[in-house]
Amino acid sequence: DNENNNTPHKPKVVFKNVEILEFPMTLGIHPSATSGPPVMLNWNNGPTQNANFTMDQYELQRQPERRTSRRQLKLTLRERHDILVKQNGFTFDEVKTAWKDALSIRKQRRETLERGLALMKFDEVWESTCRKFNRAFDYTFGE
């Protein structure tokens, strides 16, 4: 078709099928959770459910409007507790320990960032002092 006219060829992508895999949640190891212990997908035992659809079937049965804010996507403390304790059998102490560990790591990262910023400022002052000293030394003794 493109040989007969001068319109540029626009590439397109077409999806025919959708496969949805559902995995259980477990205690996480990342410190970014701000409201409770970290949770993550448990990839170890494979999916708990799986469903295959044609794209048309999927579009007909999906929720009409899925756009949500980041705030709506975050799990609350209660939701995290239910996932970990009620659905996955973790003890209160295990969840509490994971939460404390995540808070500790976040604190360490914040301290590292603050220390890094202070060291950057010190480096700037040091380099400036060295340049001034070198200029004064060069001026006094000439090159």
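The largest nonpolar core has six residues: Leu27, Val39, Leu84, Phe90, Val95 and Ala98. Such a core is a set of buried Ala, Val, Leu, Ile, Met, Phe, Trp, Tyr and Cys residues joined through side-chain atoms within 4.5 Å. Buried means under 20% relative accessible area, exposed means over 50%, and partly exposed lies in between (1.4 Å probe, protein chains only). In soluble globular proteins, nonpolar side chains tend to be buried together.

This is a predicted model: local features need pLDDT of at least 70, side-chain atom pairs count only at pLDDT 80 or more, and totals for chains, interfaces and linings use all residues. Residues are numbered from 1 along each chain as its sequence is written, and side-chain values use heavy atoms, with hydrogens and water left out.

Leaving aside residues up to four places away in sequence, Leu84 touches Thr26, Leu27, Pro37, Val39, Gly89, Phe90 and Val95. Contact here means heavy atoms within 4.5 Å.

Now the charged pairs. The structure holds two salt bridges, each a side-chain nitrogen of Lys or Arg within 4 Å of a carboxyl oxygen of Asp or Glu. Side chains of opposite charge can pair when their charged atoms come close.

One joins Asp82 and Lys86, with the closest N and O atoms 3.5 Å apart. These two residues sit four apart in helix α3 (residues 77–87), so about one helical turn separates them. Helices are DSSP runs (H or I, at least four residues), numbered from the N terminus. Asp82 is partly exposed at 22%; Lys86 is exposed at 62%.

Arg62 and Glu59 also pair, at 2.8 Å from N to O. Arg62 is partly exposed at 25%. Glu59 is partly exposed at 41%.
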